[in-house]
Amino acid sequence: MAKRLAVLHTSFVFINVEKVFNNLYKELIPDVEIVDFVDSHILADVRKVGGVNKSHAQRMTHMALAAQDSGADLIFSACSSLGPTIDVARQIVDTPIIKIDDPMTQKAVEDGKYIGVMATVPTTLPPTIDLINYWAGKKGKTVTTKQLLTEGAFEILMSGDRDKHDAMVEQNARLLAKEVDLIVLAQASMSRLAPDLAQKTGIPVLGSPRLAVEYIKKALEDPSILK
């Protein structure tokens with residue numbers, strides 16, 4: 001019987017706009033059944049209030065419980081902004097849950113000391129930086145982070161103007177690269193730009209999707225790595 005991966009979405013961006021995850025699933029885990037769960041307004045609500053609260057944690061937990069009831073072998077939370085709510089869901093849901101940024105932030109700490117964090121949605125910055133600091137603490141390493149928000153770019157992407165979004169992100173990446181030795185793209189919606197940005201800035205640029213799906217593949221093959 002094929003393994004089943006439940007994916008928690010907080011908008012339709014990875015269903016209607018960006019196909020990066022669907023492409024990675026086909027490439028890396030083609031035999032795994034993908035089941036999507038969507039709360040299409042929760043990210044907008046988080047952005048409206050400026051961060052996550054108890055209500056958001058409850059909504060994400062409800063999605064995770066529904067994913068568990070679907071018979072999922074593994075749950076994947078595909079939203080950076082809602083990352084802190086997964087800590088709550090993990091206490092209630094028995095099925096293992098992977099946060100999208102866990103593998104990327106761990107690699108950032110392994111490879112960099114001065115780490116730039118780029119986002120187009122402000123609420124993704126604190127959770128990503130918190131994860132970087134968490135892994136740095138686990139590894140006993142001191143890192144310095146510098147954040148940079150490309151305001152308005154996410155809305156432009158959602159409107160369908162990918163070229164303008166990309167130009168805005170590239171401009172800021174060039175600026176940030178002067179002050180850091182590695183850049184983390186705090187949103188999966190930016191990740192397809194990573195190879196091009198690395199070439200244009202001359203420093204490593206990390207995106208979360210491939211690292212996350214590679215980790216999912218390992219976890220489905222050997223669940224013990226999640227313990």
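View 1. Strands here are DSSP E runs of at least two residues, helices are H or I runs of at least four, and both are numbered from the N terminus. Two strands pair if DSSP finds at least two bridges between them. Look at β5 (residues 114-119): β5 and β6 run parallel over six bridges, and Gly116 stands opposite Lys146 in β6. Keep in mind that this is a predicted model, in which local features need pLDDT of at least 70 and side-chain atom pairs count only at pLDDT 80 or more, while totals for chains, interfaces and linings use all residues. Residues are numbered from 1 along each chain as its sequence is written, and side-chain values use heavy atoms, with hydrogens and water left out.

**View 2. Helix α7 covers residues 125-139.** From first C-alpha to last, its 15 residues reach 21 Å, close to the 21 Å expected at 1.5 Å a residue (1.5 Å times one less than the number of residues). Which residues of α7 are buried? They are Leu125, Pro127, Thr128, Ile129, Leu131, Ile132, Trp135 and Ala136 (buried means under 20% relative accessible area, with a 1.4 Å probe and protein chains only). These buried residues pack against α5 (83-92), β4 (97-99), α6 (102-111), β5, β6 and β7 (182-185). Just after α7, Gly140 has a positive phi of about 65°.

**View 3. Here α6 meets α7, their axes coming within 9 Å and crossing at roughly 55°.** Axes are lines fitted to C-alpha atoms, for helices over the stretch in contact, and angles run from 0 to 180 degrees between N-to-C directions. On the α6 side, the residues in contact (heavy atoms within 4.5 Å) are Asp102, Thr105, Gln106, Val109 and Glu110. Those of α7 include Trp135 and Lys139.

**View 4. Helices α2 (residues 20-28) and α11 (residues 208-221) pack at about 40°, with axes 10 Å apart.** That makes this pair oblique too. In α2, Val20, Phe21, Leu24, Tyr25, Glu27 and Leu28 meet Pro209, Arg210, Val213, Glu214 and Lys217 of α11.

**View 5. Thr95 sits in the loop between α5 and β4.** Thr95 is buried, at 10% relative accessible area. Leaving aside neighbours within four places in sequence, Thr95 touches Gln68, Ala72, Asp73, Leu74 and Ile75.

Methods. Buried means under 20% relative accessible area, exposed over 50%, partly exposed in between (1.4 Å probe, protein chains only). Angles under 35 degrees count as roughly parallel, over 145 as roughly antiparallel, 65 to 115 as roughly perpendicular and the rest as oblique.
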